Amino acid sequence: MALPSRYADVPDRAPTSLAALRGPADGVVDLPLKLCWSGLRSFDLGDPTQCLMMYQIVITEGVRADVEHYLTAEHLLEVWPLLHRMLGPAYIETWEGRFPVLREVAEQAAPALKAEMRRARETIEARRSA
């Protein structure tokens with residue numbers, strides 16, 4: 001007998017509406033051990049990198065109640081273009097399928113992100129050559 005996919009419950013863990021996301025809009029958020037058991041557990045929502053990291057952790061490790069408790073629609077829309085590149089297909093399909101606006105913001109940001117990644121690669125290659 002095959003084990004169920006670890007991604008089988010992703011749709012159950014996603015919220016039913018973006019309005020259900022009632023998390024903090026600013027400040028420092030301390031995640032519980034059940035979500036973040038090693039490394040950084042406090043995240044400053046004013047720091048784009050820390051906000052992105054926290055959103056990835058909550059989406060991939062949390063249940064629906066965690067997602068609704070820690071995330072906001074505003075921050076989700078801001079970080080989604082990068083999250084779209086970091087999350088697995090089950091998360092992307094679930095979240096963008098349920099909330100088409102996420103797909104739209106990812107598509108709108110894609111050219112700028114590709115250009116930024118190209119510049120970063122060029123910088124790395126230039127440093128290696130120097």
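This is a predicted model: local features need pLDDT of at least 70, side-chain atom pairs count only at pLDDT 80 or more; totals for chains, interfaces and linings use all residues.
Residues are numbered from 1 along each chain as its sequence is written, and side-chain values use heavy atoms, with hydrogens and water left out. The protein has 6 helices and 2 strands, taken as DSSP runs numbered from the N terminus (helices: H or I, at least four residues; strands: E, at least two).

**Overall build**

- Going along the sequence, you get the pattern α-β-β-α-α-α-α-α.
- The C-alpha trace spans about 50 × 35 × 35 Å along its principal axes.
- Of the 130 residues, 38% are buried (under 20% relative accessible area; exposed is over 50%, partly exposed in between, with a 1.4 Å probe and protein chains only).
- Among contacts (heavy atoms within 4.5 Å) with a separation of 6 or more, 61% join residues 24 or more positions apart.
- The protein exposes about 8,000 Å², with 55% of that supplied by carbon and sulfur atoms (Shrake-Rupley method, 1.4 Å probe).

**Helices H4 and H5**

- The axes of H4 (residues 73-86) and H5 (residues 89-98) come within 12 Å and cross at roughly 145° (lines fitted to C-alpha atoms over the stretch in contact, with angles from 0 to 180 degrees between N-to-C directions).
- On the H4 side, Leu76, Trp80 and His84 make the contact, and on the H5 side Ile92, Trp95 and Glu96 do.
- By class, that contact has 4 nonpolar, 1 polar and 1 charged residues (nonpolar: Ala, Val, Leu, Ile, Met, Phe, Trp, Tyr, Cys and Pro; charged: Asp, Glu, Lys and Arg; polar: the others, Gly among them).

**Salt bridges**

- The count comes to 4 salt bridges (a side-chain nitrogen of Lys or Arg within 4 Å of a carboxyl oxygen of Asp or Glu).
- One of them pairs Glu68 with Arg22, with the closest N and O atoms 3.6 Å apart.
- That pair links distant parts of the chain, 46 residues apart: Glu68 sits in helix H3 (residues 64-70), and Arg22 in the loop between helix H1 (10-13) and strand S1 (28-30).
- Glu68 counts as buried because its relative accessibility is 14%, whereas Arg22 is exposed at 57%.
- Arg13 and Asp9 also meet, at 3.3 Å, N to O; Arg13 is buried at 11% and Asp9 is partly exposed at 34%.
- Glu96 bridges to Arg103 at 3.7 Å, N to O; Glu96 is buried at 5%, and Arg103 is partly exposed at 33%.
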